[in-house]
Amino acid sequence: MPMIQRARRRDLVTLALTAAMATALGLAMASCGSPAPRGTEPAGSDKPGAEPRVLNVYNWSDYVAPETISRFEKETGIKVNYDVYDTNEVLETKLLTGHSGYDVVVPSAFFLERQAREGVFLPLDKTKLTNYHNLDKDVLRRVSLNDPDNRYGVPYMWQATGIGYNIDKVRAALGDDAPLDSWALVFDPKYASKLAACGLTFVDSPPEVFDSAQIYLGIDPNSERIEDLAAAEELVKKVRPYVRYFHSSQYINDLANGEVCVSIGYTGDVLMARDRAQEAGNGVKIAYIVPKEGAIFEVDMLAIPADAPHPDNAHAFLNYILRPEVVAEISTFKKYPSGNAAAIAFLKPEIRDDKAIYPPPEIVARFKDHRAESLTYTRYENRAWTRVRTGR
Ligand code: N2P
């Protein structure tokens, strides 16, 4: 690797480590996750073209159906080691450090964009992805902004970072005054202060919270001007005293149980909370909104690290996920729309027609594409995030 690139890589690793450390979540996940799996194989299994029947997958938590993995194992005889994370920052640290041992990972497109530039991924061998034609051309086009020619990533699920809330508790706290269509609900201290008692939570992701704050302020979320970052920091600091915690998955259960009342969160996760509450019959009613000012649009991408120990098995797994019935089942259980156009035909009407899952064009028009951040900007952003989190 040329020197400059190596120095840059080292810089990025430091950056990613800082980001992960800036998040309590990073630490929590690291301590409960198993060590990165390795492709340990019995002697004699290294014939060309015959990879050991092992696949190491690292995915977001709550992002496959109950039988997605076991069916793949049964069909192929490939044993899957399956680990989870719940922030891009935690994944990025592993990818940039290298030798993660993973064969399949799922970064959001705006993270994949920067990681691909660092040589982190294997270009996809599309001749092995015979189900690739099932993908939605519009999603492929949109995501090519981050991944030119769709070289490294297969679109998996997509979503917006929006707001989930408990209908009755928010009404009780704010009366009819609640701005239920706006980021003001969480970013205006007038409202946030009244939600502190019933529980206000934010995802633990600097770009997503600051960018949402910028969208509320009418600032371009892709801006890298330091004064625009400062404006977002100032806004988030004002509501910081009312935020119960920063975490990117705990709110699913907490919203469902009525432990918290308003969360900045991801579409499907909020809808899972909504459905869990309904199934539990606990009287909790959850709604999800994409605020009228706009929201960050995210496509999570299946990708193969350049140093994956089992690239053929990884392609086989991607091709399996590309089957419409397989990914439709994931959407059914996890309430996320997929990037697979053919999967729509396999969805039950209650999923297909749920406007919170597959939003109508007027809501899609609110989505803002997210570009990769520069190294320098992320460094400033992480520092700002630490100040916000620690309340200094
Ligand atoms: C499911 C994954 C959230 C996706 N928990 C955020 N990009």
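**Helices and burial in a predicted model**

Of the 392 residues of the protein chain, 49% count as buried. The model is predicted.

Visitor: How many helices and strands are in the protein chain?
Guide: Helices and strands are taken as DSSP runs. On that basis the protein chain holds 18 helices and ten strands.

Visitor: What share of contacts in the protein chain joins residues at least 24 apart?
Guide: Contacts here are those between residues at least 6 apart in sequence. The share that joins residues at least 24 apart is 77%.

Visitor: How far does helix α11 reach from its first C-alpha to its last?
Guide: α11 covers residues 226-239, which is 14 residues. At 1.5 Å a residue, 20 Å is expected. The model comes close to that, with a reach of 20 Å.

Visitor: At what angle do the axes of α12 and α13 cross?
Guide: Helix α12 spans residues 250-257 and helix α13 spans residues 267-280. Their axes come within 8 Å. The crossing is right-handed. The angle is roughly 35°.

Visitor: How many nonpolar, polar and charged residues has the contact of α12 with α13?
Guide: α12 brings Ile 252, Leu 255 and Ala 256 to the contact. α13 brings Asp 269, Val 270, Met 272, Ala 273, Arg 276 and Ala 277. Asp and Arg count as charged. By class, the contact has seven nonpolar, no polar and two charged residues.

Visitor: Is Ile 351 buried or partly exposed?
Guide: Ile 351 lies in helix α16, residues 349-352. A buried residue needs 20 or more other C-beta atoms within 10 Å. Ile 351 has 18, so it is partly exposed.

Visitor: Which residues does Ile 351 touch, not counting residues up to four places away in sequence?
Guide: Ala 328 is 23 residues from Ile 351 along the chain, and their C-alpha atoms are separated by 9.6 Å. With residues up to four places away left out, Ile 351 touches Ser 331, Thr 332 and Ile 357.

Definitions and conventions
Residues are numbered from 1 along each chain as its sequence is written. This is a predicted model: local features need pLDDT of at least 70, side-chain atom pairs count only at pLDDT 80 or more; totals for chains, interfaces and linings use all residues. Axes are lines fitted to C-alpha atoms, for helices over the stretch in contact, and angles run from 0 to 180 degrees between N-to-C directions. Helices (H or I, at least four residues) and strands (E, at least two) are DSSP runs, numbered from the N terminus. A crossing is left-handed if the near helix is turned anticlockwise from the far one by less than a right angle, and right-handed if clockwise. Two residues are in contact if their C-beta atoms, placed from the backbone, lie within 7 Å. A residue is buried if 20 or more other C-beta atoms lie within 10 Å of its own, exposed if 12 or fewer, and partly exposed in between; C-beta atoms are placed from the backbone. The expected span of a helix is 1.5 Å times one less than its number of residues.
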